[in-house]
Amino acid sequence: MTPPDTAPSANNLEAFFMPFTANRQFKKNPRLLAKAKGVHYWTPEGRKIIDGTAGLWCVNAGHGREEIKAAIARQLDEMDYAPSFQMGHPKAFELAARHAALRPGDLNHAFYCNSGSEAVDSALKIALAYHRARGEGTRTRFVGRERGYHGVGFGGISVGGMVNNRKWFGALLPGVDHLPHTHLAKNAFSKGQPAHGAELADELERIVGLHDASNIAAVIVEPCAGSTGYLPPPKGYLERLRQICDKHGILLIFDEVITGFGRLGTAFAADKFGVIPDLMTVAKGISNATVPMGGVFVRKPVFDGLMNGPENAIDLFHGYTYSAHPLACAAASAVLDIYRDENLFKRSAELSPYWEDGVHSLRGLPNVTDIRNLGLAAGIDLAPKGAVGTRGYEAFTKAFELGLMVRQSGDAIAMSPPLVIEKAQIDEIIDITAKTIKAVAPERRAGMGAG
Ligand SMILES: Cc1ncc(COP(=O)(O)O)c(C=O)c1O
């Protein structure tokens, strides 16, 4: 039998069912990445692309880090895999202790999984199990937020607030309400946290009034929403949510899959805003995206609440074959060394004002209707052109053509470079973004008036 043709040529892109992709459109005009180092990708033809998005908001320490590679290789030599159900391996415990030391407050316990989506579903299940274990099993409802993204599990899409991620998939989880999103026109072009909108958190009181707190398990929000164009929280908003949750015994979950590990200039958004959630979901930067990993960080009272059964009973009937996979633990530990040794969270904070100036310099370019930034990330809204997403897609593909990787969400483009980026590279990102925005604006023809 002849072996199948597996060469990555344009002729055999058929078999891979690409996620979150217009497969047929992509395969007619593929964008392939073949190599990465530092803050750059290279296409198979050798074209250099600056990574304006740290992969998918995940390669915080930059690509191709030798220390992580070495740690993974050592672990592979030593032990490839060990189960974590009624067994354990030392690196998992070491990593959990290191993570606990990094976290604010008493978020002392770590449950590990393999992705942000798994982290979210795990957190929702931990919330349900916790309430049940302490005799409040009627607390089964969840509250999410419009424009929230919490991955693609059924739990995550149910509490999430992105219509396309929900409308195809039936009834979803029952018993979910949504807070309004916080993207207000009157906050346009805010630098950092916007001034208006703290009162939007009060909607939680309305939901409590509707269902009664005794039926509500948890509220989940991204402290700074990422996937719908980067929406920093209004000043005072998260504090208010925390107060209302405390008042009603509702758990507050921060989904820090994007904001965790330095994106906002602190280890976690919880540090940045001084608001401690009861549960925190993480992924992405936890392993610098080298080996898939996610986690739920759990406050001591919640963990203790689940330790109340008989000592020989399983505390949480939940886990994954690859929970605390040894390779992921080795990678995550090496990443923590890099974050510490290179002071990358501080570096992210120090670069933020420069980044802010850079992204806001794009104000006034054609079709730019809003620019938002916080930490080392930003969202830029472009006025739609016909169908929603058309101009956004054009901008995304144009930027790639000009040598820059950005994210597109509808007609917004989002950027979140690796935390190791240099100022000159920020300049390059801003320069290419400006060229892109101009390139996707309609041509102005003499005598046509304003275009
Ligand atoms: C806030 C948030 N939660 C969850 C997820 C899902 O993570 P994953 O794609 O690893 O499942 C993402 C992914 O972008 C995210 O941004």
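**Loops, strands and domain contacts in the predicted model**

Gln86 lies in the loop between helix α3 (residues 66–78) and helix α4 (residues 90–102), where helices (H or I, at least four residues) and strands (E, at least two) are DSSP runs numbered from the N terminus. The structure is a predicted model, in which local features need pLDDT of at least 70 and side-chain atom pairs count only at pLDDT 80 or more, whereas totals for chains, interfaces and linings use all residues. Residues are numbered from 1 along each chain as its sequence is written. The phi angle of Gln86 is near 55 degrees, a positive value in a residue other than glycine, and Gln86 counts as exposed because 6 C-beta neighbours lie inside 10 Å. Here a residue is buried if 20 or more other C-beta atoms, placed from the backbone, lie within 10 Å of its own, exposed if 12 or fewer do, and partly exposed in between.

A positive phi near 55 degrees is also found at Ala324, again a residue other than glycine, which belongs to the loop between α11 (residues 300–305) and α12 (residues 326–341). Ala324 has 26 C-beta neighbours inside 10 Å and therefore counts as buried. Within helix α12 itself, Ala328 is likewise buried, with 27 other C-beta atoms within 10 Å. When neighbours within four places in sequence are left aside, the contacts of Ala328 (C-beta atoms, placed from the backbone, within 7 Å) are with Ser287, Val291, Pro292 and Met293.

Strand β5 (residues 141–145) is mostly covered, five of its five residues being buried. Arg141, Val143 and Arg145 point one way from β5, whereas Phe142 and Gly144 point the other way. Pairing, which requires that DSSP find at least two bridges between two strands, links β5 in the parallel sense to β7 (residues 216–221) over three bridges and, also in the parallel sense, to β6 (residues 176–179) over four bridges. In the β7 pairing the bridge partner of Arg141 is Ile216, and in β6 the residue opposite Gly144 is His178.

An open sheet of four antiparallel strands has the order β11-β12-β15-β14. Its edges are formed by β11 (residues 368–373) and β14 (residues 407–409), each of which has a single partner strand, so that one side of each is left without a neighbour in the sheet. From one strand to the next the twist averages 20 degrees, with angles taken from 0 to 180 degrees between the N-to-C directions of lines fitted to C-alpha atoms, for helices over the stretch in contact. Strands β12 (residues 378–382) and β15 (residues 412–415) are paired in the antiparallel sense over four bridges, with Ile413 of β15 as the bridge partner of Ile380. Helix α13 (residues 344–360) packs on this sheet, where α13 touches β11 and β12 and makes about 175 degrees with the direction of β11.

In β15, Ala412 and Ala414 point one way and Ile413 and Met415 the other, and all are buried. Ala412 stands opposite Asp381, while on the β14 side, where β14 and β15 pair in the antiparallel sense over three bridges, Gln408 stands opposite Ile413. The hairpin of β14 and β15 has two residues between the strands, and Gly410 in this hairpin takes a positive phi near 60 degrees.

The domain assignment, whose bounds come from an automatic or database source, gives domain 1 (23–61 + 343–439) and domain 2 (67–341), and the C-alpha centres of the two lie 26 Å apart. Contacts connect 32 residues of domain 1 with 29 residues of domain 2. On the domain 1 side that touches domain 2, α2 (residues 54–57), α13, β11, β12 and β15 each supply at least two residues, and α13 gives the most, with seven. This side of domain 1 has 15 nonpolar, twelve polar and five charged residues, where Ala, Val, Leu, Ile, Met, Phe, Trp, Tyr, Cys and Pro count as nonpolar, Asp, Glu, Lys and Arg as charged, and the others, Gly among them, as polar.

Around the ligand lie 14 residues, of which Ser115, Gly116, Ser117, Gly151 and Val257 come nearest, a residue being near if its C-beta atom, placed from the backbone, lies within 6 Å of the molecule or strand concerned. Helix α5 (residues 116–133) contributes the largest share of this shell, three residues. By class, the shell has five nonpolar, seven polar and two charged residues.

How values were computed. Two residues are in contact if their C-beta atoms, placed from the backbone, lie within 7 Å.
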